[in-house]
Amino acid sequence: MWIYRRLAKISWKDKKTNQEVCEHLGTRRELVNIIKTRKIKYFGHIKRHASFLNDVLEGKIEGSRPRGRQRRRWIDDITEWTGKDIHQCTVEAQDRAKWKSVSSQPLEQGRHRE
């Protein structure tokens with residue numbers, strides 16, 4: 001975001017939010033969507049192959065978990081961004097064409113698919 005601020009000559013002292021800077025320049029924050037899309041595509045790639053990564057992703061590794069609040073899991077991001085439960089994501093990932101349509105449009109936070 002600092003490059004956008006320099007282009008628009010907006011100082012940090014102006015107390016403008018990143019959203020306001022993007023609106024001023026007429027741009028959007030694309031990096032987050034690129035990361036979401038790639039992560040969803042990689043999930044489909046892993047689910048189509050029987051490998052050690054599939055076991056790691058599903059959390060089938062033996063052992064005890066540490067104390068405290070559970071950490072955010074990789075699968076939690078996938079279910080949130082697709083708006084589907086993990087079983088439905090796994091089934092749809094087996095079909096490349098269907099998964100490609102799902103992964104091309106990750107959900108914005110707070111939105112749900114109809």
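Is Lys15 buried or exposed, and what is its relative accessible area?

A: Lys15 is exposed, with a relative accessible area of 73%, where exposed stands for over 50%, buried for under 20% and partly exposed for what lies in between (1.4 Å probe, protein chains only). This is a predicted model, in which local features need pLDDT of at least 70 and side-chain atom pairs count only at pLDDT 80 or more, while totals for chains, interfaces and linings use all residues. Residues are numbered from 1 along each chain as its sequence is written, and side-chain values use heavy atoms, with hydrogens and water left out.

Lys15 sits in the loop between H1 and H2, helices here being DSSP runs of H or I with at least four residues, as strands are runs of E with at least two, numbered from the N terminus. Lys9, although not a glycine, has a positive phi of about 55 degrees, and Lys9 is exposed, with a relative accessible area of 76%.

Moving on to the helix packing, helix H3 (residues 31-47) and helix H5 (residues 74-82) pack at an angle of about 110 degrees, with their axes 10 Å apart; axes are lines fitted to C-alpha atoms, for helices over the stretch in contact, and angles run from 0 to 180 degrees between N-to-C directions. H3 and H5 are therefore roughly perpendicular to each other, a label for 65 to 115 degrees, whereas angles under 35 count as roughly parallel, over 145 as roughly antiparallel and the rest as oblique. On the H3 side the contact (heavy atoms within 4.5 Å) is made by Lys36, Lys39, Ile40, Tyr42 and Phe43, and on the H5 side by Trp74, Asp77, Ile78, Trp81 and Thr82.

A second pair, helix H6 (residues 86-93) and helix H7 (residues 96-103), has axes that come within 7 Å and cross at roughly 125 degrees, and H6 and H7 are therefore oblique to each other. Here Cys89, Glu92 and Ala93 in H6 meet Arg96, Lys98, Trp99 and Val102 in H7.

Turning to charged pairs, a search of the whole structure finds six salt bridges, each being a side-chain nitrogen of Lys or Arg within 4 Å of a carboxyl oxygen of Asp or Glu. Two of them involve Arg72, which is joined to Asp77 at 2.9 Å, N to O, and to Glu80, with the closest N and O atoms 2.5 Å apart. Arg72 is exposed, with a relative accessible area of 51%, whereas Asp77 counts as buried at 12% relative accessibility and Glu80 is partly exposed, with a relative accessible area of 32%. Salt bridges that share partners join Lys39, Arg72, Asp77 and Glu80 into one network, and of these residues Lys39 and Asp77 also belong to the contact of H3 with H5.

Another salt bridge brings together the side chains of Glu30 and Arg28 (3.9 Å, N to O). Arg28 is exposed, with a relative accessible area of 55%, while Glu30, at 38% relative accessibility, counts as partly exposed.
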